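Have the structure open and follow along.

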Amino acid sequence: MDITHITSLLGGIALFLYGMSIMGAGLEKLAGGKMQSVLQRLTSNTLKGVLLGTLITGVIQSSAGTVVICVGLVNSGIMTLTQSVGVIMGANIGTTVTGQLIRMADISGESLLLTLVQPKTFSPVVAFIGCILYVFVRNAKKKNIGQILLGFGILFTGMNLMDTGVSPLKESAFFQNLFVSMTNPILGVLVGLVVTVLIQSSSASVGILQALSSTGLVTFGSAIPVILGAHIGTAFTPLLTIGGSSKDGKRAALVHLYFNVIGSIVVLALVYLYRFTFGFPMWNDVMNKGAIANIHTLSSIFAMLLFLPFSSCLSRLAMLTVRDSEEESQELSMPVLDERLYKSPAVALQQARNAVYKMCRRAARNVGLAMPLLVEMDPDIVSAIQVRENLIDRMEVEISNYLIHLTDQELGDDESHTVSDLLNYVTEYERIGDYAVNIMEKAQEMEEKEVAFSENAQRELKLLGDAVQRILTLTDEAFGNENTKAAAQVEPLEETIDIMVEKLRDQHISRLKDGVCSIDAGVIFLDVLNNVERISDHCSNVAARLIGMENGYEYDSHTLKAIMHHNPTKDYALAFENCRKEYLVPLEAMDA
C-alpha cells in the first residue's frame with residue numbers, strides 16, 4: 001500500500017463524511033424545519049414514536065441528530081421522557097438507510113442499464129446536477145434539492161475513493177491478521193465503538209466497513225462485533241450535548257446510551273450463543289456491502305423489538321441514574337385543570353387558584369436562582385431557570401384558557417370577580433418570570449463580555465436580592481393563604497425597594513464617573529436594577545388586589561396603593577420603618 005492509496009483512502013473518508021453531512025443538512029432544510037413539531041405531536045405511543053424516529057432519522061441521516069432534537073424537546077418540557085423512548089429506538093433503525101444506499105455499489109453487469117445505475121457511473125452526474133442547482137438557482141427549495149443531490153454524489157465519490165484506497169490491503173498479511181483478530185467479540189466491539197466515537201457517526205463507520213469489504217477480508221465473524229460496537233459508539237455524541245440540560249434532558253440521552261449498550265450486548269450474546277450451540281455455516285464467509293447493510297439494519301430492528309414491550313424500563317433506568325428529589329418532582333409537574341369541573345364553578349375556581357399558586361412559586365424560585373448568577377455563573381442553574389420558565393409560559397396559556405372557558409358557565413358576581421382577579425394574577429406572575437429570565441440573560445452577557453461587578457456592587461446586589469426574596473415570600477404567603485396581613489406588609493417593602501433602587505442607581509453612576517466600574521458592567525447593573533424594580537411592582541399589584549378583595553373592591557389596586565403612600569396608617573408606617581432599618585440603613589452604611 002503506497003502513499004497514493006493512503007491519500008485516496010483519507011480523501012475518500014473525508015468526502016464520504018462531508019457528503020453525508022451536507023446531504024443530511026439539505027434534507028433537514030427541505031423538511032421546512034418541521035421535524036421538531038412533528039416529533040412533538042406524533043409520539044402518543046411507543047410504536048408511533050419508533051416509526052417517527054425511523055422516518056426522521058432516515059431523512060436527516062443521523063441518529064445522534066434525532067436524539068439531540070429529542071433531548072432539546074424533553075429539556076424544554078415540550079416532550080415527556082416517556083414519549084422520547086420510542087423516537088430514540090426508531091432513530092437507530094433510520095440511521096441504517098445510508099448503508100442500504102451504499103450497497104448499490106455492488107451492482108455489476110455488462111448491460112448499459114446496469115452500468116448506468118452503478119454509483120460510480122451516476123454519482124458524478126448527480127453531484128454535477130446538484131452543484132448547478134445549489135450554486136446558480138436562487139429558489140430556496142431547489143437549492144435544498146441541489147444540496148441533497150450534491151451531498152449524495154459526493155458521498156458515493158468518497159465511497160469509490162475508499163474502495164480504491166483499500167484495494168491493496170487484500171494482499172496485506174498484517175491486515176488479514178487484523179480482521180482475524182476482530183473475530184474476538186470484545187476487540188471487534190471496541191474497534192467499532194472507537195471509530196464511531198471519533199467520527200461521530202455509526203453510518204459513516206459502517207460505510208467504512210463496507211468499503212473494506214471490497215478487500216474480501218471482511219467476514220461475518222469480524223463484521224458483526226464491529227457493527228454492534230458502532231451502535232454503542234453513536235450513543236456518545238448526544239451525551240456531549242447535555243451539559244446544562246435539565247434532568248429529563250440528561251435522561252433522554254441516557255435512554256439512547258442504555259438502549260444501544262444493552263441491545264448490542266444482548267444481540268452479541270445471542271449470536272455467539274447460537275454459534276457455539278448450533279453453529280453458523282457462513283461465519284467465515286466473506287461479506288459484501290449488501291450483507292453488511294442488512295446486518296446493520298436487522299440488528300437495530302431486533303434490538304427495537306426486544307425493548308418494545310419493556311420501553312418503560314429504559315426511562316425508569318435513566319430516572320434511577322439521574323434522580324429527582326421529591327420536592328423537584330412536585331415542582332416541575334404541570335397542574336391538573338379538569339374541564340369536567342366547569343359544572344361546579346366554585347371547585348373549578350379553587351383548582352385554577354391552586355395552579356396559579358404553583359405558577360407564583362415557580363416565578364419566585366426563578367428570581368431566587370437568577371440573582372446569584374450575577375456573581376457566579378452556573379450552566380446547570382441557567383438550564384433549570386429555562387425549564388421552569390417554559391413551564392410558566394405553558395401554564396399562563398393553559399390557566400388563562402381554562403378560566404376564559406369557565407366564563408361560559410353561569411357565574412355569580414363573586415365568581416366573575418374571582419375569574420378576573422385570577423387572570424390578572426396569571427399576568428403578574430408570568431411577568432415576574434420574564435424579569436427573572438432577563439436577569440439571567442444579563443448574567444450570561446457578563447460572562448460573554450468577561451466583565452464582573454466591583455465588590456461594592458456585589459454587596460449591594462446581595463442586600464437588594466434579600467429584599468426581593470422577602471417581598472416574593474410575603475406575596476407568596478399572601479396569595480397562597482389569602483393572608484391580608486402579609487399582603488399589607490408588601491407595599492411598605494415595595495416602597496423601600498424603590499428607594500434602594502434609586503440610591504443604588506445614583507451610587508453606581510458615581511462609580512462609573514470615577515472609573516471604578518467598567519461601562520459594560522455599569523450598563524448591566526442598571527438593567528438589573530430596572531428588572532428588580534419591576535418585580536417588586538408586580539408583587540405590589542398582587543398584594544393590593546388581595547387587599548381590595550378583602551375590602552369588597554371599594555378601590556382598585558392603583559388607587560389603593562396611592563392611598564397607602566399618601567395617607568399611611570400606623571401599621572404601614574411601622575412596617576416601613578422596620579424595612580428601612582433592615583435594608584436602607586445597611587445600604588447607607590455601605591455608601592459611607
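Tyr357, Tyr425, Tyr429 and Phe479 are joined into a cluster by ring pairs. Here rings of Phe, Tyr and Trp (its six-membered ring) pair if their centres lie within 6.5 Å; planes under 30 degrees apart count as stacked, over 60 as edge-to-face and the rest as tilted. Before going on, note that this is a predicted model, in which local features need pLDDT of at least 70 and side-chain atom pairs count only at pLDDT 80 or more, while totals for chains, interfaces and linings use all residues. Residues are numbered from 1 along each chain as its sequence is written, and side-chain values use heavy atoms, with hydrogens and water left out.

A pair of aromatic rings is described by the distance of the centres and the angle of the planes. By the pairing rule there are 8 aromatic pairs. Within the pair of Tyr425 and Phe479, the centres are 5.0 Å apart and the planes make 70 degrees, an edge-to-face arrangement. Tyr425 belongs to helix α21 (residues 413-449) and Phe479 to helix α22 (residues 455-480), so this pair links distant parts of the chain, 54 residues apart. Helices are DSSP runs (H or I, at least four residues), numbered from the N terminus. Tyr425 and Phe479 are both buried, where buried means under 20% relative accessible area, exposed over 50% and partly exposed in between (1.4 Å probe, protein chains only).

Phe453 and Phe525 make another edge-to-face pair, with 5.4 Å between centres and 85 degrees between planes. Because Phe453 sits in the loop between α21 and α22 while Phe525 is in helix α25 (residues 519-550), their pair ties together parts that are 72 residues apart in sequence. Phe453 and Phe525 are buried too.

Rings also meet charges here. Arg353 lies over the face of Phe479, 4.3 Å from the ring centre; the rule asks that NZ of Lys or CZ of Arg be within 6 Å of the ring centre and within 35 degrees of the ring normal. Lys143 is placed over the face of Tyr134, at 4.9 Å from the ring centre.

What about the cysteines? The whole structure holds 0 disulfides, a disulfide being a pair of cysteine sulfur atoms within 2.5 Å. For Cys539, the closest cysteine sulfur is that of Cys360, 8.1 Å away, which is too far for a bond. Cys539 is buried, at 0% relative accessible area, and Cys579 counts as buried at 11%.

Finally, turn to helix α13 (residues 220-233), whose 14 residues reach 20 Å from first C-alpha to last, close to the 20 Å expected at 1.5 Å a residue. That expected span is 1.5 Å times one less than the number of residues. Helix α13 is mostly covered, with 14 of its 14 residues buried.

Definitions and conventions. Helices (H or I, at least four residues) and strands (E, at least two) are DSSP runs, numbered from the N terminus.
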